[in-house]
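Please look over the sequence and the model shown here, and keep both in view while you read.

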Amino acid sequence: MPPIEVFAPAKVNLALHVTGRREDGYHLLDSLVAFAPFGDHLTLAPAPVLSLTVTGPEGAGVPEGPENLVLRAAALLPGGQGAAITLDKRLPAASGIGGGSSDAAAMLRGLALLRGASLPEDRGLELGADVPMCLDPRPARVRGIGEDIAPVTLPPLPAVLVNPRVSVPTPAVFKALTARDNPPMAPIPGFASTTDCIDWLAGQRNDLEAPAKAIAPGIAAALSALATLPGCGLARMSGSGATCFGLFATLTEAETAFTHLRATRPEWWSACGALGDQRTLSQARRA
Ligand SMILES: C[C@@](CO)(OP(=O)(O)O)[C@H](O)COP(=O)(O)OP(=O)(O)OC[C@H]1O[C@@H](n2ccc(N)nc2=O)[C@H](O)[C@@H]1O
Ligand SMILES: Nc1ncnc2c1ncn2[C@@H]1O[C@H](COP(=O)(O)OP(=O)(O)O)[C@@H](O)[C@H]1O
């Protein structure tokens, strides 16, 4: 049987409001997410047992053992059939763009096809708060801790992403918040254009940006590098950081800005593409 290939796109929190805290310490969020046309790649070849090999430019330091979210995802689906999994890491780990969560979601989609199994009832929430939204990688307003997902329609959002190569652990950023009961996002209107959407987003926030910047000052440098690129309409951090994104009215403007940024900051991880709906690209398929 030919191997199965699955794409795990980067997740971007276009806005992320922290609106409260549950009794178990998890924070309540109100977030608008979209997905990038770049990300990690998984290959699942039928095999007698389950094994994982991590490759790719961002693979260094990503665990190959049972703590990898890909193997934890595999353990959730019934069916004894093994698989030789290759995870081609292109997204920096622990960087606010959901790499591990998107890998776990891609693994669930791939194994569902390989084993003919159905997806777990909690849609992978037990693996991480971001996994359910990554299972269906389309623009959505996400509430609760990540389980309450409402798809939304957004125009394509040409973006440049940059990671200044600083690592900020998610729990530390939540812990450093000074206010946990902030106002939710405004109601999401219909957008006539990309510029319309960028203007609306500028009135929203990422409440994790200030605590993350306090932990890792390199984030401020990434944000100002993005904000000063010609045509950048909004620069903001994604998730708990440290990856930041800049939004542009057109893909041509974003690509020109990306070429400039990559030349001036070759030591940073960066990528460019239109954020939006990546369901088609992310479908598990036989090679
Ligand atoms: C902040 C967000 C926004 O989308 O993205 P990332 O920065 O991870 O990309 C997510 O909520 C992260 O989701 P995920 O990375 O899956 O987090 P989990 O593994 O479930 O949680 C890691 C830790 O972060 C804290 N945490 C996480 C989510 C949440 N709503 N409240 C929290 O307080 C908790 O301390 C938890 O133990
Ligand atoms: N497949 C995976 N890819 C990346 N990191 C993983 C993976 N599986 C487990 N991890 C661990 O999870 C942590 C968080 O990674 P990740 O999900 O990429 O963070 P974030 O959601 O902040 O982008 C990392 O520090 C890493 O050790």
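Why does ligand 2 lie between domain 1 and domain 2? Domain 1 (4-150) and domain 2 (154-275) both give residues to the shell around ligand 2, so ligand 2 lies between them; the bounds of these domains come from an automatic or database domain assignment. This is a predicted model, in which local features need pLDDT of at least 70 and side-chain atom pairs count only at pLDDT 80 or more, while totals for chains, interfaces and linings use all residues. Residues are numbered from 1 along each chain as its sequence is written, and chains are lettered from A and ligands numbered from 1 in the order in which they are written.

Around ligand 2 there are 20 residues, of which L69, A93, A94, G99 and G100 come nearest; a residue is near a molecule or strand if its C-beta atom, placed from the backbone, lies within 6 Å of it. Two helices, α1 (69-74) and α2 (99-115), each supply at least two residues of this shell, and the largest share, four residues, comes from α2. Helices (H or I, at least four residues) and strands (E, at least two) are DSSP runs, numbered from the N terminus. By class, the shell around ligand 2 divides into seven nonpolar, 10 polar and three charged residues, where Ala, Val, Leu, Ile, Met, Phe, Trp, Tyr, Cys and Pro count as nonpolar, Asp, Glu, Lys and Arg as charged, and the others, Gly among them, as polar.

Ligand 1 is surrounded by 20 residues, and the closest are H27, G128, P171, G239 and S240. The elements that give two or more residues to the shell around ligand 1 are β1 (4-21), β2 (27-47) and α4 (170-175). This shell holds eight nonpolar, 11 polar and one charged residues. Because domain 1 and domain 2 both give residues to the shell around ligand 1, ligand 1 lies between them.

Now turn to the sheet. Four strands form an open sheet in the order β8-β9-β7-β10, with antiparallel pairing, and two strands pair if DSSP finds at least two bridges between them. The edge strands, β8 (232-237) and β10 (269-275), each pair on one side only. Seven bridges join strand β7 (residues 157-163) to β10, and P158 stands opposite A274 in β10.

Helix α5 (residues 194-202) packs on the sheet, touching β7, β8 and β9 (244-248), and its direction makes about 45° with that of β8. Helix α7 (residues 218-227) also packs on the sheet and touches β7, β8 and β9, but its direction makes about 165° with that of β8. Contact requires C-beta atoms, placed from the backbone, within 7 Å, and angles run from 0 to 180 degrees between N-to-C directions, with axes fitted as lines to C-alpha atoms, for helices over the stretch in contact.

Methods. Two residues are in contact if their C-beta atoms, placed from the backbone, lie within 7 Å.
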